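Here are some friendly notes to read alongside the model. Please keep the structure open as you go through the points.

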Amino acid sequence: MHILIVSQYFWPENFRINDITKRLVEQGNKVTVITGKPNYPDGRFYPGYGFFKKYKEKFHGADIIRVPLIPRGDGSGLRLILNYLSFMIFGCFWVPFLKIPEYDIIFVYQLSPITAAIPAIFLKKIKKVPLVMYTLDLWPESLLAVGAVKSEKILKVVGKMVYFIYKNCDKILVPSKGFIDNIKKYNISDSKIIYWPQWGEDIFNVKPEGDLQAEILPNGFKIMFAGNIGAAQGLEIIIDVAEKLKKYSDIYWIIIGDGRMKLLLEEHIRDRDLQENIIMLGRKPLEMMPDYFSLADCLFLSLKNEPVFSLTLPAKIQTYLACGKPVIAAIDGEGARVVNDAKAGFTCSYNNPDCLAAIVIKMYNLDRESRSKIGINGREYFEKNFNSNSLLTQLLSIFSNEVKGG
């Protein structure tokens, strides 16, 4: 089967579509990826790339075709809009003229922006092949939740575009059961929507003690966050909790990652004199993350308390469960449900820093054996519900059925 993947983001940017692509090739499929020039999250082209430079590459046997686009800059305002529109426009009017071998199915990996699906619909109309979209971000709800768009008129226009995109998909995969009712309100039938959760990459089956030598973390109770430092994550809650717990001099928050809220977070840490309690390590290579996770006593995630986020199951949860480390989560809805069902840690509402401080101390007071058992619970739940082999088999079955005509 020749699978055409359309995703605005791809390697060397760090997204799960990289692992999905690699695994699809390993299963004997021919894969072509249409993507943008890498510029996330820094907002500028990665070294060696440019608007007209390096538009064809290989990745683990997959062919990559890179669409020119305008880098996202600081990730806000006009620059971000131009980034979104440039991928959509060049995807529609440049890619169809390239010599791409005949493909059997189109798979859209839909993060923000949803406009990245429009080139895929254009290609579907030309080639008369089925289109399967993996909806990882709900528009226009996410735009409203992060404050990117507040105008009701604009939100209505975006809603009409979302309706057009959903209607032109043959199947819509969702990573959270909470997404289903939201998509159905666009008059999409149950038969078109399939729950297909994300998996954690195999690399995250971490050792009890890693091989990390590059950096020595402080001795004490280490709470680690790794990932995008954006508006939706709301990591400013760490500032309030770290200040409440400042008397516990051996509790450290370790933050690994980057994003448009990073500089503001660092400023708040300095303003409140929390540099010794909250340690910002910046972005690290994916292959080093298992070693970092192995040094953590527990792993942390947060997601702002917005209606759309309560429907979301962040992929970070799968990664954390895969690590076999206990989880502390300031999250509501579907994410909290999974952590609690797995008995993999403690959760509280995002809007309750007092409760977050309490569950941090609760985890802190557990002995090592008890924390280890909680981590094992998470790993067992991961193997049962988010196993990459079974999920890949399911994905290929979905593709095969659509190629055969549903």
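**Notes on the chain**

1. Let us begin at a proline: Pro113 sits in the loop between strand E5 (105–110) and H3. Helices here are DSSP runs of H or I with at least four residues, strands are E runs of at least two, and both are numbered from the N terminus. The bond that joins Ser112 to Pro113 is a cis peptide bond, with omega about 10°. Another cis bond runs from Trp139 to Pro140, and its omega is near 0°. Pro140 belongs to the loop between E6 and helix H4 (141–145). For background, most peptide bonds are trans.

2. A word on how to read the values: this is a predicted model, in which local features need pLDDT of at least 70 and side-chain atom pairs count only at pLDDT 80 or more, while totals for chains, interfaces and linings use all residues. Residues are numbered from 1 along each chain as its sequence is written, and side-chain values use heavy atoms, with hydrogens and water left out.

3. Now the overall build. The chain holds 15 helices and 14 strands. Its C-alpha trace spans about 65 × 45 × 40 Å along the principal axes.

4. How much of the chain is buried? Of the 406 residues, 58% count as buried. Buried means under 20% relative accessible area, exposed means over 50%, and partly exposed is in between (1.4 Å probe, protein chains only). Among contacts between residues at least 6 apart in sequence, 74% join residues at least 24 apart; a contact means heavy atoms within 4.5 Å.

5. On charge, the chain carries 51 positive and 43 negative side chains, and the centres of the two sets lie 7 Å apart. Lys and Arg count as positive and Asp and Glu as negative, with His and the chain ends not counted. Each charge is placed at NZ of Lys, CZ of Arg, CG of Asp or CD of Glu.

6. Beyond residues up to four places away in sequence, the contacts of Ile106 include Leu4, Val6, Ala120, Leu123 and Val132. In soluble globular proteins, nonpolar side chains tend to be buried together.

7. Which helix is mostly covered? Helix H11 (residues 315–323) is, with 9 of its 9 residues buried. Among these are Lys316, Gln318 and Thr319, as well as Ile317 and Leu321. The cover over the buried residues of H11 includes strand E9 (221–228), helix H9 (289–294), strand E12 (298–302) and helix H14 (368–385). Gly324 follows H11 and has a positive phi, near 70°.

8. Helix H12 (334–341) is also part of the cover on H11, and Ala336 lies in H12. Ala336 counts as buried because its relative accessibility is 9%. Leaving aside neighbours within four places in sequence, Ala336 is in contact with Ile331 and Thr347. Its C-alpha atom is separated by 39 Å from that of Pro47, 289 residues apart along the chain.

9. Next, two lysines in loops. Lys128 lies between helix H3 (118–127) and strand E6 (131–135), and it counts as exposed because its relative accessibility is 70%. Its phi is positive, about 60°, although Lys128 is not a glycine. Lys54 also has a positive phi, near 60°; Lys54 is in the loop between strand E2 (30–36) and strand E3 (56–59). Lys54 is partly exposed, with a relative accessible area of 40%. Most residues other than glycine have a negative phi.

10. Finally, is Asn277 buried or exposed? Asn277 counts as buried, at 10% relative accessibility, although its place is in a loop, between helix H8 (262–271) and strand E11 (278–282). Not counting residues up to four places away in sequence, Asn277 touches Lys246, Ile251, Tyr252 and Trp253.
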